[in-house]
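Welcome! Let us take a walk through this structure together, starting from the whole and moving on to a few single residues.

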Amino acid sequence: MNIIDMLKSLWKSTGVAQGSWQNYVMILISFVLFYLAIARKFEPLLLLPIAFGMLMVNIPGAVDVLFFEGYSAENHVLPSGTSGGLFYYLYQGVDKVIYPPLIFLGIGAMTDFGPLIANPKSLLIGAGAQLGIFVTFFGAILLFFNGAEAASIAIIGGADGPTAIYLNQQLSKLYPEMNVGNLLPAIAIAAYSYMALIPAIQPPIMRALTTPKERSIRMGQLRVVSKREKIIFPIVVVALVALILPQALPLVGCLMFGNLLKESTVTERLAKTASNELINIITIVLGLMVGSKAIGPTFLKPQTLAIIALGLVAFCVGTIGGILVAKVMNKLSGGKINPLIGSAGVSAVPMAARVSQKEGQRYDPDNYLLMHAMGPNVAGVIGSAVAAGFLLAVPW
């Protein structure tokens, strides 16, 4: 081989020669996510790992190293007699639906269900916020997605990334002929991105649907919830879900188990591990894996744009549904409920509740809505998991 052939061979082996314009577009998108995570502090714990995973897989030639030689959206099965790369093995936690329930375990160990127990009516707001899921389902059907695909897209309205991943992967196993799994990158990135953008998306909707007088409503202090109630609650919820909708049990069960570790006060070490080390590790790995599926040539398609648009609709309609239910409850209570807490009915805990608090203090600096908003917020977590179980139970 002469020097010219050697140089040609060397050039072909470089990432620059192997790249496509789609890869470079995705690299630019990863830079935007870096900016939102670092400079704007929009959910950096989620966006930073996603952006870094997206950057890594779109460096030309990197996919073969990170997964395996010849990896693509259509060919994601490890060839016989070969070994996979780091991302191939880490992704098994997504493929086998291991990471989402573990995330719920950590969320449960960090969450106080006291506001929901003190005000059970918050469940109605959490249920109302699931409106976005069902409106978007029919929107996806109109855009010619099949039933399983539409269900997988609609769950974005729950504003819960792990639930979206869980439902997509379970549906892909139940209906392999429908190719639902191919939608995962767009669905997961849309779900996590909209979760991160809650402080930008929700306030305009909240202001449009409420009056200054309603935003200034002060709510009475919640009653004190006993330790016994907090211990009984997760056990009762798991029992009810197991009897009524067992498809939701992996998510709801892990959520309630984490909460019981916290509230029992006899497993402090386990609760601390679940709410710190475990959920942090899983968040890092899950974020990288979500980003790693956004490979330019397979991600930049009209179908992806449709999913991202439908996800935004789902999220906005979910916010609207929660606020409208809160407004009805305000009327029925004689003006005692601030409708701003309705926006917290989506399941992004505790970010959505903080947005309700911040928006209320724009009109009354001494108004404290956080604990009142946490009721609908944790109800939304349960509601989105139950909605996912319902969509799994429906035959497509």
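Our tour begins with Lys41, which counts as exposed at 62% relative accessibility. Exposed here means over 50% relative accessible area. Please keep in mind along the way that this is a predicted model. Lys41 sits in the loop that links helix H3 (21-38) to helix H4 (44-58). Its phi is near 60 degrees, a positive value in a residue other than glycine.

Now step back and take in the whole chain. It has 23 helices and 0 strands. What radius of gyration would a compact globule with 396 residues have? The value would be near 21 Å, and the protein chain has 22 Å, so the two agree. Along its principal axes, the C-alpha trace spans about 85 × 45 × 40 Å. Of the 396 residues, 54% are buried.

Helix H17 covers residues 227-244, and at 1.5 Å a residue its 18 residues should span 26 Å; the end C-alpha atoms are 26 Å apart, which agrees. Which residues of H17 are buried? They are Lys230, Phe233, Pro234, Val237 and Val241. These buried residues pack against helix H9 (114-118), helix H18 (249-264) and helix H23 (370-393).

H23 is mostly covered, with 19 of its 24 residues buried.

Ile125 lies in helix H10 (residues 122-128). Is Ile125 buried or exposed? At 1% relative accessibility it counts as buried, because that value is under the 20% cut-off. Leaving aside residues up to four places away in sequence, Ile125 touches Gly322, Val325, Ala326, Met329, Ile341, Gly342, Gly345 and Pro376. Val180, on the other hand, is 55 residues from Ile125 along the chain, and the C-alpha atoms of this pair are separated by 30 Å.

Tyr24 and Ser152 are 128 residues apart in sequence, and from C-alpha to C-alpha they are 28 Å apart in space.

Phe144 lies between helix H11 (131-142) and helix H12 (147-154). Phe144 has a positive phi of about 75 degrees although it is not a glycine, and it is exposed, with a relative accessible area of 78%. The other stop is Pro350, in the loop between helix H21 (302-332) and helix H22 (351-363). Here a cis peptide bond joins Val349 and Pro350, with omega about -10 degrees.

Terms used: Residues are numbered from 1 along each chain as its sequence is written. This is a predicted model: local features need pLDDT of at least 70, side-chain atom pairs count only at pLDDT 80 or more; totals for chains, interfaces and linings use all residues. Side-chain values use heavy atoms; hydrogens and water are left out. Helices (H or I, at least four residues) and strands (E, at least two) are DSSP runs, numbered from the N terminus. Buried means under 20% relative accessible area, exposed over 50%, partly exposed in between (1.4 Å probe, protein chains only). The expected span of a helix is 1.5 Å times one less than its number of residues. Contact means heavy atoms within 4.5 Å. The radius of gyration is taken over C-alpha atoms; the globule rule is 2.2 Å times the number of residues to the power 0.38.
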